[in-house]
Structure formats: structure tokens, C-alpha cells
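Morning, everyone. I will take a few minutes on one model, and I will begin with its aromatic side chains.

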Amino acid sequence: MKPVALTLAAGLALIPSVSAVAQDSFPTRPPAPTPLAPVRFPPFQQVTLPNGMTLLVVENHEQPVLSVNLSFRAGATNDATGKEGTAELVAQLLTKGTPTRNAEQIAAAIEGVGGSLSAFSGDDFLTVSANVLSDHAELAFDLLGDVVRRATFPTDELELARTQALSALALALSQPENVADRFYQREIYGRHPYGRSPSPDSYKAITQDDVKRFAAARLRPGGALLVIAGDATLARARALAQRAFGGWTGRPAVIAAPPAPPVRSATDILLVHRPGSVQGNIVLGNTTFLPTDPGSYAARVATQVLGGGADARLFLILREQKSWTYGAYAGLSRKRGIGNWQATFEGRTEVVDSALVELLRQVDLMRTELVPDSELVNVKGFLVGSFPLTIETPQQIAAAVANARLLGLDPDYVRLYRERLAAVTPTQARVAAARTYRRSALSIVVVGDGEKLYDRLKAIAPVRLVDIDGKPLTLDDLRPRASAPALDRAQIVSRADSFQVVVQGNPLGFMTASIRSTADSLVYAETTNIAGGAVQQQTTVVFNPADLSMAKIDQTGSAQTPAGQQPNDIHLIYAGGRVTGRSTTPQQSGTPQTLAIDTTVAPGTYDDNALTMIIPALPLAIGATFNLNVFESGKGLGKVIQVKVSEGGGVTVPAGTFQTFRLDVSGGQLPTVFFVAKDTPRRIVKIELIGAPLVFELVK
């Protein structure tokens, strides 16, 4: 047998000659594009039912499936002020119970025939959708009629939906890209309902009566749109609709016209201060036009050129050329009212200002220069070629037709969409960009560490400063001063607490915490074990009992990382205004990091591992804010963290139900929420790590 190396060499030697022969038969130019084949889109049939509901049927008998969309003008823009999120909860609860079926029975009925029934709400509309085999069309309409006409909105389901909404919101607010988008919508729309977003307080304020009133006022047949796509004739669809909705009458309540979005006269930057953030998020743009605007096709093409995907300018320049980000994009948002466009970027704090300058430069180029023919051909080819993939199934067809009709677009919109995009010229794209991107009146939102970003950004445009809650800040607020907190000694007593660690809703570990307090010593000890030892840690923190200042910390343990199990070993001494010792911590991408630590610390500094004991002893009061000097022992860095106190309400954990303070802690490695019992001595009853699927709940 030949040695492997010789065999490979012999094989490789043959490749050039084979390739040379093959290349002679390859074409040297790509083939010319073929003319657009017409989209074989079934004709629409439309009738108005006696109760004022519009029935629109798109027949397609190729497969025995049926998709039904029933849409109402009942989106988030109809939420009452202070109760944002009502439409969202109504949509979630519609399928959770009627007088004759509970949530499980509704789910079992539709899933038993291989179908689906769901509801969702957006800014302008609430839509209930059913998808079934056409043999089960009667069941689909029976369920659809039952849930939209007779939903009971059970209290237990409302509380579950509220809890899920609050959890999802907490996760969203921990992600800077979502924070940036919320502030951006508020900037461009102002007091218009498009500028509002649900908050924890608004979700909590929504009652069962609010949900019922909203549904009674907005879910009415008059003006509703019923789109049926798939294996059904007009006669069949009309009979099914009459059976499900016959005898149901009424039009939605009339609401006052919303205030107009603000008119901007200059470009400026809203800098949302997120202390300690190592990256920055940019969103910039402005409001645009109504969905029926004829210039929307050229604007769609121009925006695709600017930032529509991985082959667009923003992505190629900011990621591929400059390596500043994983992705930068631009897009148009279409609404029933005034839409908007936006460009986005996420990257390291050090390059945020440079990225913003480049974003603005690319916007200027789109407004002032013609798109080269080759680039325009590629972009239009993608948009035109991918469109048929969005209308392949009855479900997709129903959604496309419903969306076009709800936005008030012309009857031929879907059928002629590709031809209208393909007809856009370079001049039309440039004119659309100049009209759409209002360079002299852009709203720019940047979320990041204001202390590091302010001076850099003010060289680009005027900067306004706010905190993560939207409260105005001054430059002095960017450098908060912290001093030793006046701790309430009555809250520090000898005791032992046990917590369960919940990961994505499943108990997956434990943490024990104890305080030993005597006349001459104060020791806090903590043991954590998660996922059977994937994370394990033992921590001992010693305080000087006279003034509760830091004296010593010892921590040992290990954590499972992609690079394997790595040690966690910290031993520090706090004395004479200095901290000295050694720190070894796991790293996700490589070997553990070891630091020799010998540095000064500000008076009243606490090790970050001591916060679990210190936080309940702060002089807590609703509305109070504390700035604490903290030393991150794993990084060898001192910083100021902020603790904001608000009402936590009743919190139920395995140890019972407690009335609590809510403490939002920012500026550390992860935003964290502590729920602290109000009873003395105070105990931490729950800890949530925002952005990580970890929750600690008091067991005893």
C-alpha cells in the first residue's frame, strides 16, 4: 500500500490538468436575466356581509388547506394612556376561554385536527388566525366565532399573561438594542400613540374590566376584514362566515384623532446613559409617509441598497471593511399612519462615534449620488426574486392580502408589486432617498456609557442626556460620587437563608447564604451550585464589625466554559485604603485570567461579592437612589454602581409571599433586580439577573 502522503500528492498533481480542461467549457460571463414571469396569483373575490364585515376570498385548490385571518382596528394605538399593553393582553387571552370551552379545550379541539388558532396585535390591528385542512373548515369557523364574540378573559389566564409580559419586558429592557428602539420611537412620534411602549406599571394597571371593555369596544364586525385563502369557494366561505358571525352587529367605538408626530428642525443626539456598558447602540432615522404613498417603491429599493442585508452598504463597510460590528442595517417601517425608516448599529464603545460618522456619510451618499447600475440591478433582483417565496402557502397569501387591504393599498398591490419594484430607476432611488432620509432633521438615539461617549458625540451633533428611564441628566450625573452608605445595623443579624436557582423556569441548583455576627466579628458566607457542579462557588466575606467596612474576601470554585472547567479563585485583603491579593477567574474563550491586585480604593468601597449582604441594610425607601463604590474582584476594577428603589409589591417564592422593595442595580456586570422583604430584619427573597436565564428564589 502507498503511504498516505504519496497518495495525496499523486492525486493533487492531477488537479491542474483536469481544471484546465474543465475551464474551457465554462462561460466567462453570467447569463442575461430572463424577463419577469408573471406571479400566478389567484384573483380576489370580495363581498360585504350584512353586519358590515368585509369578506375577501382568495381561492387556491392545489392543496386541501384553508387559512383564515380576521382583523380588527384594535391595535396598541387604541390602548388607554397609562394602560399600554392592553391590546397585547386581549390578543393573548382571546383563545383562553369562552362560556363553553376553557383554554385546554380550545387548544385540544384545534390541535386535534392538526390545525392552529392564534391571535396577535400590532400597532394598528389585532388579528385572529386559524389554519386547518379544508375538511375541518366548520370547526375553524366555530372556534373563531366563539373566541372573538364570547371570550371570557379568565382572571387566572390574565395573571399568567401579565406575568409573561412582565418577564418578557424585563428581558427586553436588559438588551440595549431594545432600549434604543423604544427611545427612538418616542423621539420620532412624540405624543402620537406610535411613540408609546408598555411599561411594568402599565401592565400592572390593566384589570380584567379593562380587557373586557377594550374587546367590547374594538372587536366589532363593522369594518373588520375577514380574509380566507385556500381550498374554499366564495359561496362556501360566505356560508361559513354567516354561520360563525351571523347576528353579530356593531361598529367599533369612534376615537379621537391622535396628535401629530413632532416636526423636527435639526438633527441632534439623545444619549441614553447606561453605566458600565462596554458597547453602544445607535438608531437613527425619521418619520416618512403614509403606506399608500407612490414613492414607497423607490424608497424600498434605496433602503435595501443602504442597509437591507449582508450585501448592503452599511454591512459591507461597517462590518466587512472596518470590523466595527457584527451587523449594521437599515429598514422601512410601514404603518396605517405615518411610517418611519431607521438605520442601526451595535459595536464597541470605542468606535461608536466613528460608526455614527460613517452612518451619516452613507446616508448623505444615498441622497446625493446615483446608485450604480450594477448595484441597483442586484438589489432589485433580490427584492423581486424573493417576493414569490412570501406568498407560497394559503397562510402567507392570507397574511399578504390582509396586510395590503388593512393598510389601504390598491387592489393590485400584491399582483403588481414586483413590476413596480423592477421599474425603479437610479434617479428615482436617489430622489426617494433625498425625500425619505431627512438629513437635516434626523433623530439619533445612542444607548451606552455616557461618561465615555458624551465628549465624542457632541463633536458630531448637539447631545441631550437621559438615564435609562428617560429622566434628564446633567454632565455631573455622568460621574456619580459615592460615599460610604449609612447601613441600618438592625437589618444585619445572624441567620441562614436557602435559595433555589431557577434556570428558564426549571429548578437547577441552590445557593445558601449565612451571616455570623458576634461582638468581634461579622462574616458573610455563601455557597452556590448550579447544574450539578457546572458552576460551584464558596465565598467568605469578612467585615470590620465596628464600622461594617470590608476586611477580607476568599472565594474558591469553578465554572464550566466552552474551553472546559475553569477555576475561580479570589483572595483579597482590604486595609488602609488599599486592596491587595490575587484573582483568577474563568474566561469563556480561553484560559483563566489571573490578576495580581494592589490598588487604592475609595472610602466605603465594598467588594462586589459583599452586595448580597449589604443591599438589604441600606436605608431603603420608595424612590431612593444610592451610589455605591464597588470593587469588581474578578476584574480588579473599581466602579460606581447605582441602586434604585421602587415598590416591589407582593412576591411569591417557595418560602411564602412577601411585600417587597424592588432594587434595580445597574453599573455592574449584569443589570440585576433584588426583591427585598419590607419586614425587619430584611431578607432578600428573589434575585433576577436581567439578560441571563437565572433567578434565585428564597426557599427557607
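Which residues do ring pairs link into a cluster? They are Tyr-297, Phe-387, Tyr-413 and Tyr-417. Please keep in mind that this is a predicted model.

Let me take one pair from that group. A search of the whole structure finds 11 aromatic pairs. Among them is Phe-72 with Trp-248, whose ring centres are 6.3 Å apart with the planes at 70°; planes over 60 degrees apart count as edge-to-face, so this pair is edge-to-face. Phe-72 sits in strand β3, residues 65–72, while Trp-248 is in the loop between α9 and β7, and 176 residues separate the two, so the pair links distant parts of the chain. Both Phe-72 and Trp-248 are buried.

Now back to the cluster. Tyr-297 and Tyr-413 form a tilted aromatic pair, 6.3 Å from centre to centre, with 35° between the planes. Tyr-413 counts as buried because its relative accessibility is 12%.

Next, the chain as a whole. The protein chain has 18 helices and 27 strands. Its C-alpha atoms fill a box of roughly 90 × 75 × 75 Å along the principal axes. Of its 700 residues, 46% are buried. Among contacts with a separation of 6 or more, 66% are between residues 24 or more positions apart. The accessible surface is about 32,700 Å², and carbon and sulfur atoms account for 55% of that. On charge, there are 66 positive and 63 negative side chains, and the centres of the two sets lie 4 Å apart.

Helix α12 covers residues 352–368, which is 17 residues; at 1.5 Å a residue it should span 24 Å, and its end C-alpha atoms are 24 Å apart, so the two agree. Buried residues in α12 include Val-352, Leu-356, Leu-359, Leu-360, Val-363 and Met-366, along with Asp-353 and Glu-358.

Last, a single residue. Is Arg-236 buried, partly exposed or exposed? Its relative accessibility is 34%, so Arg-236 counts as partly exposed. Arg-236 lies in helix α9, residues 234–245. Leaving aside neighbours within four places in sequence, Arg-236 is in contact with Ala-137 and Glu-138. The C-alpha atoms of Arg-236 and Gln-395 are separated by 18 Å, with the residues 159 apart along the chain.

Methods. Residues are numbered from 1 along each chain as its sequence is written. This is a predicted model: local features need pLDDT of at least 70, side-chain atom pairs count only at pLDDT 80 or more; totals for chains, interfaces and linings use all residues. Side-chain values use heavy atoms; hydrogens and water are left out. Helices (H or I, at least four residues) and strands (E, at least two) are DSSP runs, numbered from the N terminus. The expected span of a helix is 1.5 Å times one less than its number of residues. Buried means under 20% relative accessible area, exposed over 50%, partly exposed in between (1.4 Å probe, protein chains only). Contact means heavy atoms within 4.5 Å. Accessible areas come from the Shrake-Rupley method with a 1.4 Å probe; for residues, only the protein chains shown count as cover. Lys and Arg count as positive and Asp and Glu as negative; His and the chain ends are not counted. The place of a charge is taken as NZ of Lys, CZ of Arg, CG of Asp or CD of Glu. Rings of Phe, Tyr and Trp (its six-membered ring) pair if their centres lie within 6.5 Å; planes under 30 degrees apart count as stacked, over 60 as edge-to-face and the rest as tilted.
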